[in-house]
Amino acid sequence: METCLNFPKNFVWGAATSAYQVEGAWNADGKGPSNWDDYCHNHIPAGSTGDIPGQVYTPGNVQANQTGDFAADQYHRFVEDVGLMKGLNLQAYRFSIAWSRVIPNGIYDGPSSVNQKGLDYYSRLVDALLAAGITPYPTLFHWDVPLAIWHKGAWHNREIVKWFEDYTRVVVDRLSDRVKHWMTINEPQIFLGPSEHEGLQTSNARASHAQRLLAAHHTLLAHGRSVATIREHAKLPPTIGWAPIGRVKVPASDKPQDLDAARKATLGIYKKDFWTNTWFADPIVFGHYPEDGLRLYHDDISRNPHLRAALSSADDLRTISQKIDFYGINVYDAERFRMNDKGEPEKVPFPDGHARTAIGWFVEPEALYWGPKFLFERYKVPMMITENGMSSHDWVDLDGKVRDFARLDYTRRYLLALGRAIKDGVDMRGYFHWSLLDNFEWQCGYRERFGLIHVDYATQKRTIKESAKWYAKVISSNGEALSNGLG
Ligand code: BGC
């Protein structure tokens, strides 16, 4: 049996959520509406009848017409939730701040534009966490854009760089006497890529590739200005990262050429769909866009002088490439790749019946070995797993337990792979399980349960799942319990 003494002494064990997915209280205490409030309230197709088993969401439709209005009600229950976190030995909590709770109209326009009650909420949450010995890791943006900014084009409008900077400063002024760890933006690839493309969470569903590239550039600029603002204003010395999705390809065999194929596919840009690591990370870490991406998008860029100027602006690239202290990655699954006869990376489909989570994603624990390894080799920045986990359709058994052994096994396999990556030299600083609680899973509504803690949405009763009890042991043994079977 593999032993797991690989996790460094200061390794951070945590769990993650995001504001819209858990807070509820969508219009409480002066909070303004966000794109997600609007999307859930106003984009319900006529004739939709509710929760049809096996129904696949269609663009513009949240599963069963659900909303995040109440979600897991963490806004009102954070004291209870922090108590549960403490009971699970969690050392850190990654949560996000709802921009529209802090600045209801999104745009800072003097002190009266700030909603003190919204800031108070995060301040109380931070105090509760610190009192419980749990380190707060706030993310400034996890997909909920203030609606007023949404109507101005959101990431398509360059002014968002300034608006995000101002919002960052307001939050940092209030929390940085206690918060040391910050993340700017969650998964730009998703909110600018597939989600826009499929018209799911979009301010411009028909955007051309050039327009999308410009929106991505604005997002990177906003990230950079946010990093600089945190450094300028933070009272405690800050540790700053971001949380992109890690799109991982793993080798289909242990042949060196397949390893090469997986590395190339993980770090290459082949399709104009934003499922890419490097288009976003290269400008942040190296200060320039990757050559293969520039080649792929050549025509889109050359036909658009404004975009061309932005992508090559030395000032912009300097702003984007602020030093980050850690590179977060959200990893759930991976694809297998081999090198074909033409010397090109080629996807090898999983065989029929390969393990999948309830949402349909393939289980591939090697993702947490190769993903960190490939990205660390390229970027050489300390890393954290900022999300990893799985959905299952858990329920509370007659005896009151939630026996989610698939989640336990999934997490164990992924963490063992992560331990090997650390042993092989990856500077990995922490792991946040997604998610602390069952919550609003975007277009899938409440159908998909990702939590370590079960939530009965009718009563908001929390039940600690078996996986969470096991994870608590993993934490207290700093990973050693991974070697001990299923619990
Ligand atoms: C997102 C989370 C989401 C999770 C599971 C990530 O893409 O950051 O908000 O709930 O995956 O889909």
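**View 1. The shell around the ligand, by class.** Six nonpolar, three polar and three charged residues make up this shell; here Ala, Val, Leu, Ile, Met, Phe, Trp, Tyr, Cys and Pro go down as nonpolar, Asp, Glu, Lys and Arg as charged, and the others, Gly among them, as polar. The model is a predicted one, where local features need pLDDT of at least 70 and side-chain atom pairs pLDDT 80 or more, while totals for chains, interfaces and linings use all residues. Numbering runs from 1 along each chain as its sequence is written, and side-chain values use heavy atoms, with hydrogens and water left out. The residues around the ligand are Gln21, His142, Trp143, Asn186, Glu187, Tyr332, Trp361, Glu387, Trp434, Glu441, Trp442 and Phe450, where a residue counts if one of its heavy atoms lies within 4 Å of the ligand.

View 2. Pairs of N or O atoms within 3.5 Å count here. An oxygen atom of the ligand sits 2.6 Å from a side-chain N or O atom of Glu187. For Gln21 the corresponding distance is 2.7 Å, and for Tyr332 it is 3.3 Å. On its own the ligand exposes 310 Å², and the protein buries 95% of that (Shrake-Rupley accessible areas, 1.4 Å probe).

**View 3. The loop between β11 and β12.** Ser435 belongs to this loop, which runs between β11 (428-434) and β12 (453-456); strands are DSSP E runs of at least two residues, numbered from the N terminus. The peptide bond from Trp434 to Ser435 is cis, with omega near 15°. Trp442 lies in the loop too, and has a positive phi of about 45° although it is not a glycine. As a rule, most residues other than glycine have a negative phi, and most peptide bonds are trans.

**View 4. Helices α11 and α17.** Helices are DSSP runs of H or I with at least four residues. The axes of α11 (residues 256-267) and α17 (residues 367-379) come within 10 Å and cross at roughly 70°; axes are lines fitted to C-alpha atoms over the stretch in contact, with angles from 0 to 180 degrees between N-to-C directions. That makes α11 roughly perpendicular to α17 (65 to 115 degrees).

Conventions:
A polar contact is a pair of N or O atoms within 3.5 Å; within protein, one must be able to donate a hydrogen and the other to accept it, and residues adjacent in sequence count only if both atoms are side-chain atoms. Angles under 35 degrees count as roughly parallel, over 145 as roughly antiparallel, 65 to 115 as roughly perpendicular and the rest as oblique.
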